[in-house]
Amino acid sequence: MTTLGRILIVEDDPNDVELTLTALADYNLANEVVITRDGQQALDYLYCRGEFSTRATGNPAVMLLDLKLPKVDGLEVLQQIKSDERLKMIPVVVLTSSHEEKDVMRSYSLGVNAYVVKPVDFHEFVNAVKELGVFWAVINAPPPGSVTK
Amino acid sequence: MTRLAEEPTRGVRRPLTYWNPEFQRIHSPILRYGFSVVSVTIAFAVAFALQHFRFRDVEVPVFTVAIAFTTWYAGAGPSVLAVVLCSVCFDYFFTEPLYSLEISNRDLPYFFIFLAWAGIVASFSAVRRRIEDSLRKTRDNLQVEVKQRRRQEDEIRKLNQELSQRAAELEATNEELESFAYSVSHDLRAPLRHMAGYSELLQRQASSALDEKSQRFIRTILDSAKRMGNLIDDLLAFSRIGRAETRKTAVDLEHLVQEVVAEIGQDTKDRDIAWKIGALPVCYGDRSMLKLVVTNLVSNAVKFTRMRRPAEIEIGCVDRNEKEVEVFVRDNGAGFDMQYINKLFGVFQRLHLPEQFEGTGIGLATVQRIVHRHGGKVRGEGTVDQGATFYFSLPKAQGPAERKANAP
């Protein structure tokens with residue numbers, strides 16, 4: 001556990017943001033987390049434009065993406081990322097409430113790296129987020145050019 | 001149909017009383033016989049006149065023309081009359097001895113040739129008339145048939161239209177249902193997760209400050225949120241079964257049951273259960289759905305025999321007939337009162353208190369829905385505290401040879 005990758009969270013619900021951060025904080029994974037609240041903001045972050053035009057370049061080690069988002073929804077963001085040469089290497093994990101087959105199928109056909117349904121039970125939720133954080137931000141070797149600490 | 005068949009004749013008769021243009025024939029029998037007499041008279045007059053101007057031997061063709069006209073326009077009876085009249089006239093006025101009905105031996109062949117000639121003309125006309133009549137009849141029949149066909153086509157078109165409308169409505173309803181399920185799946189679970197999450201955080205944060213009662217309240221909130229989460233998940237799974245396509249193949253039920261029993265056996269190692277699995281056939285259906293049916297029934301049996309030592313669970317089949325097979329799962333557990341049988345397979349219907357046996361009450365509804373989608377039936381039998389038996393029927397797979405041919 002020498003390096004810790006940056007985690008980009010795309011989540012519109014403030015409660016879910018807080019719960020996810022709490023879960024990550026429990027395992028000391030919360031210090032390299034960027035929160036964006038809709039698909040547009042997430043794309044702005046990835047392309048270093050708008051409010052993120054001054055940020056240091058570099059892709060996140062993993063992106064946790066909700067599907068139901070205002071403005072640009074999760075599947076559109078996913079499509080945009082996977083069709084862009086510079087961004088398609090970013091591992092994207094869909095983290096959503098729904099396990100409708102339709103969503104799962106669309107996500108995988110767009111090239112998502114993992115699909116995780118948020119469990120209702122808090123312990124399970126914390127566990128799921130922890131496993132995700134540990135695997136993608138610590139165990140997994142991120143693609144070159146990712147921001148690590 | 002009889003009404004229709006009568007229509008063409010009635011329609012033709014109406015405009016004229018004397019003349020039938022369709023049949024090229026005079027209507028009334030009196031007029032027809034009159035026509036016969038008149039035409040013979042005219043022929044006679046013409047023949048007489050011609051003879052007067054010393055044209056020889058023209059009476060036979062003239063009379064034959066009269067007979068032909070009569071046959072053509074007045075039919076068989078009048079033509080016979082015309083033949084008779086012509087013969088008499090011919091005999092009386094034109095053969096020796098004149099003005100007598102006697103025929104001399106010399107003229108006899110001549111007379112017979114005339115008769116034969118008249119007969120041939122009359123019969124030709126009659127044959128033509130008969131052929132025409134039958135053609136006309138066939139045409140009428142065809143017309144009736146065409147009309148009927150057209151009406152049937154109209155009806156089919158109308159039914160098709162209704163059907164496609166119904167299909168469109170159904171599709172709209174299905175879409176609505178789908179978007180409903182989608183939004184339930186997305187939006188209803190989020191607040192639940194927050195309730196559970198924040199209660200958990202509250203418990204963690206303030207557990208030292210809270211008394212036993214408050215702790216219990218928080219636990220109840222957590223349990224309820226979890227339970228509601230399960231209910232939503234079960235309901236979504238149930239609605240998915242109704243919407244998902246079935247992928248039907250030959251399914252070895254015995255293998256399937258053994259698989260399910262082995263999986264459930266993992267969780268019931270500490271229980272004393274006497275399993276009895278009979279020979280089961282191969283049937284035709286969606287394997288994952290049928291597995292859900294067996295899993296639901298077997299786990300119900302395991303659940304409701306919790307207090308039995310040993311619990312006896314039997315899975316077997318009754319060979320109903322050549323087309324379908326009936327599988328049963330029997331246990332010696334809590335059973336149920338047969339008077340509530342109609343509630344047994346309902347969604348969220350439960351016959352036991354949650355403290356006695358946990359569950360959301362969707363298992364048997366799922367079983368019923370899957371079996372119905374396979375064209376089978378479900379039923380249950382039970383006695384309180386004696387156990388219950390659940391049956392479901394399924395269509396059998398085709399013969400073994402065909403089955404192998406169809407196997408991937």
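How many residues does the contact take from chain A and from chain B? The contact takes 14 residues from chain A and 15 residues from chain B. The model is predicted. Chain A holds five helices and five strands. This briefing starts with the fold of chain A, then turns to one residue and to the contact.

**Overall make-up of chain A**

- Along the sequence, the pattern of chain A is β-α-β-α-β-α-β-α-β-α.
- Chain A has 149 residues, and 38% of them are buried.
- Take the contacts in chain A with a separation of 6 or more: 70% of them join residues 24 or more positions apart.

**The sheet**

- Five strands of chain A form an open sheet, in the order S2-S1-S3-S4-S5.
- The pairing in this sheet is parallel.
- In general, strands of a sheet pair through backbone hydrogen bonds, either parallel or antiparallel.
- Strand S2 (33-36) and S5 of chain A are the edge strands, and each pairs on one side only.
- On average, neighbouring strands of the sheet are turned by 20° against each other, direction ignored.
- Strand S4 (residues 92-96) of chain A runs parallel to S5(A), and four bridges join the two.
- Thr96(A) stands opposite Val117(A), which belongs to S5(A).

**A helix on the sheet**

- H5(A) packs on the sheet.
- This helix touches strand S1 (7-10), strand S3 (62-65), S4 and S5 of chain A.
- The direction of H5(A) makes about 155° with that of S3(A).

**A closer look at Tyr115(A)**

- Tyr115(A) sits in strand S5 (residues 114-117) of chain A.
- Why does Tyr115(A) count as partly exposed? Tyr115(A) counts as partly exposed because 18 C-beta neighbours lie inside 10 Å; a buried residue needs 20 or more, and an exposed one has 12 or fewer.
- Neighbours within four places in sequence aside, Tyr115(A) is in contact with Val94(A), Val104(A), Ser107(A) and Tyr108(A).
- Asp103(A) is 12 residues from Tyr115(A) along the chain, and their C-alpha atoms are separated by 9.5 Å.

**The contact between chains A and B**

- Chain A gives 14 residues to the contact, and chain B gives 15 residues.
- Which elements give two or more residues to the side of chain A that touches chain B? They are helix H1 (14-26) and helix H5 (122-139) of chain A.
- H1(A) gives the most to this side, with four residues.
- By class, the side of chain A that touches chain B has six charged, four polar and four nonpolar residues.

Definitions and conventions
Residues numbered from 1 in each chain as written. Chains lettered and ligands numbered in written order. Predicted model: local features only at pLDDT ≥ 70, side-chain atom pairs only at ≥ 80, totals over all residues. Contact = placed C-beta atoms within 7 Å. Nonpolar A, V, L, I, M, F, W, Y, C, P; charged D, E, K, R; others polar. Pairing = 2+ DSSP bridges. Axes fitted to C-alpha atoms, helices over the stretch in contact; angles between N-to-C directions.
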